[in-house]
Amino acid sequence: MYIKVKFLKNGEPHGREYTYKATFPIEVGQEVLLPGGGNGIVTDIDVPEKDVESFNDKIKEVESVVEESKQ
């Protein structure tokens with residue numbers, strides 16, 4: 001599935017949305033670990049394939065969901 005993600009800057013979503021692939025269940029609002037070590041927040045899921053077909057060979061995959069610490 002294709003998703004939209006905004007990078008986190010000082011813990012807050014910042015800038016424009018970027019498209020990534022996710023091969024595991026994911027929900028809007030979850031924090032994810034991005035390729036290269038950055039973190040982002042999921043802003044949209046189930047992005048239609050037709051919306052990304054012109055650049056889908058360049059889309060990277062999110063690595064995992066960042067688990068919230070339970071303190």
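Let us start with Thr 19, which, leaving aside its neighbours within four places in sequence, is in contact with Tyr 2, Ile 3, Lys 4, Val 52, Phe 55 and Ile 59, where contact means heavy atoms within 4.5 Å. Before I go on, please keep in mind that this is a predicted model, in which local features need pLDDT of at least 70 and side-chain atom pairs count only at pLDDT 80 or more, whereas totals for chains, interfaces and linings use all residues. Residues are numbered from 1 along each chain as its sequence is written, and side-chain values use heavy atoms, with hydrogens and water left out.

Is Thr 19 buried or exposed? Its relative accessibility is 14%, so Thr 19 counts as buried; the word buried means under 20% relative accessible area, exposed means over 50%, and partly exposed lies in between, with a 1.4 Å probe and protein chains only. The side chain of Thr 19 also makes a polar contact with the side chain of Lys 4, at 3.2 Å. A polar contact is a pair of N or O atoms within 3.5 Å, and within protein one atom must be able to donate a hydrogen and the other to accept it, while residues adjacent in sequence count only if both atoms are side-chain atoms.

Thr 19 lies in strand β2, which covers residues 12-21; strands here are DSSP runs of E with at least two residues, helices are runs of H or I with at least four, and both are numbered from the N terminus. The protein has five strands and zero helices. Its radius of gyration, taken over C-alpha atoms, is 12 Å, close to the 11 Å that the globule rule gives for 71 residues, so the protein is as compact as a globular protein of that length. That rule is 2.2 Å times the number of residues to the power 0.38.

How are the strands arranged, and in what order? The five form an open sheet in the order β2-β1-β4-β3-β5, with antiparallel pairing, and two strands pair if DSSP finds at least two bridges between them. At the edges stand β2 and β5 (64-65), each with a single partner strand, so one side of each is left without a neighbour in the sheet.

For β2 that partner is β1, residues 2-9, and eight bridges join the two; Phe 7, for example, has His 14 as its bridge partner in β2. Two residues lie between these strands in their hairpin, where Asn 10 takes a positive phi near 55°. Elsewhere, three bridges join β3 (residues 31-33) to β4 (residues 39-47), and Glu 31 has Ile 41 as its bridge partner in β4.

Finally, let us turn to the core. The largest nonpolar core has nine residues, among them Ile 3, Val 5, Tyr 20 and Leu 34, and such a core is a set of buried Ala, Val, Leu, Ile, Met, Phe, Trp, Tyr and Cys residues joined through side-chain atoms within 4.5 Å. Not counting residues up to four places away in sequence, Leu 34 touches Val 5, Phe 7, Tyr 20, Asn 39, Gly 40, Val 62 and Glu 63. Of the 71 residues of the protein, 23% count as buried.
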